[in-house]
Amino acid sequence: YHHLIDELRKKPIQFLIVSIALPNASSFALHENLGFVKAGQFSEAGYKFGESTDLEYWQLNYEITYYS
């Protein structure tokens with residue numbers, strides 16, 4: 001995951017967004033340790049293990065660097 005995030009830093013993108021099905025404390029901890037912050041939540045927007053679930057969206061902001 002660290003490698004993916006580092007490779008994406010080389011692209012002209014402003015941020016990454018991940019979607020986390022609730023509840024998922026271990027995923028929250030992982031993404032928080034990587035620098036992501038909670039950006040929003042949608043009620044019953046996902047489907048997991050045969051049930052509707054809420055989704056949280058977490059965002060990691062990048063400083064935009066353009067490569068030639």
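Strands here are DSSP runs of E that are at least two residues long, numbered from the N terminus, and two strands count as paired if DSSP finds at least two bridges between them. With that in mind, and remembering that this is a predicted model, start at the hairpin of strand 2 and strand 3, where two residues lie between the strands and where Phe-49 takes a positive phi near 55 degrees.

**The hairpin, from its turn outwards**

Select Lys-48 next, whose bridge partner in strand 3 is Glu-51. Then move to Gly-40, for which the bridge partner in strand 3 is Tyr-57. How many bridges join strand 2 to strand 3? There are eight, and the two strands run antiparallel, with strand 3 covering residues 51–61.

Now colour the three strands, which form an open sheet in the order 1-3-2 with antiparallel pairing. Strand 1 (15–21) and strand 2 (37–48) stand at the edges, and because each has a single partner strand, one side of each is left without a neighbour in the sheet. If you look across the sheet, neighbouring strands are turned by 25 degrees against each other on average, with direction ignored.

Show the side chains of Lys-38 and Glu-56, which meet in a salt bridge with 3.3 Å from N to O. Lys-38 lies in strand 2 and Glu-56 in strand 3, so this pair ties together parts that are 18 residues apart in sequence. Is each partner buried or exposed, or something in between? Lys-38 counts as partly exposed at 46% relative accessibility, whereas Glu-56 is buried, with a relative accessible area of 8%; the cut-off for buried is under 20%.

**Val-18 in strand 1**

From Glu-56, step across to Val-18, which lies in strand 1 and touches Glu-56 as well as Tyr-1, His-31, Phe-36, Tyr-57 and Trp-58, if residues up to four places away in sequence are not counted. Val-18 has a relative accessibility of 13% and therefore counts as buried. For a distance to check in the viewer, draw a line from the C-alpha of Val-18 to that of Glu-32: the two residues are 14 apart in sequence and 11 Å apart in space.

Select Tyr-1 together with Leu-4 and Leu-30, and you have a nonpolar patch on the surface with about 290 Å² of accessible area in total. Leu-4 lies in helix 1, which spans residues 2–8, and at 46% relative accessibility Leu-4 counts as partly exposed.

**Two further salt bridges**

Finish with the side chains of Asp-6 and Arg-9, which form a salt bridge whose closest N and O atoms are 4.0 Å apart. Asp-6 is partly exposed at 43% relative accessibility, and Arg-9 is also partly exposed, with a relative accessible area of 38%. Then select Glu-7 and Lys-10, where the closest N and O atoms of the salt bridge are 2.9 Å apart. Lys-10 counts as partly exposed at 46% relative accessibility, and Glu-7 is partly exposed with a relative accessible area of 33%.

Definitions and conventions: Residues are numbered from 1 along each chain as its sequence is written. This is a predicted model: local features need pLDDT of at least 70, side-chain atom pairs count only at pLDDT 80 or more; totals for chains, interfaces and linings use all residues. Side-chain values use heavy atoms; hydrogens and water are left out. Helices (H or I, at least four residues) and strands (E, at least two) are DSSP runs, numbered from the N terminus. Axes are lines fitted to C-alpha atoms, for helices over the stretch in contact, and angles run from 0 to 180 degrees between N-to-C directions. Patches are made of residues with over 30% relative accessible area and no salt bridge: like charges are joined within 9 Å, nonpolar side chains (Val, Leu, Ile, Met, Phe, Trp, Tyr) within 5 Å. Accessible areas come from the Shrake-Rupley method with a 1.4 Å probe; for residues, only the protein chains shown count as cover. Buried means under 20% relative accessible area, exposed over 50%, partly exposed in between (1.4 Å probe, protein chains only). Contact means heavy atoms within 4.5 Å.
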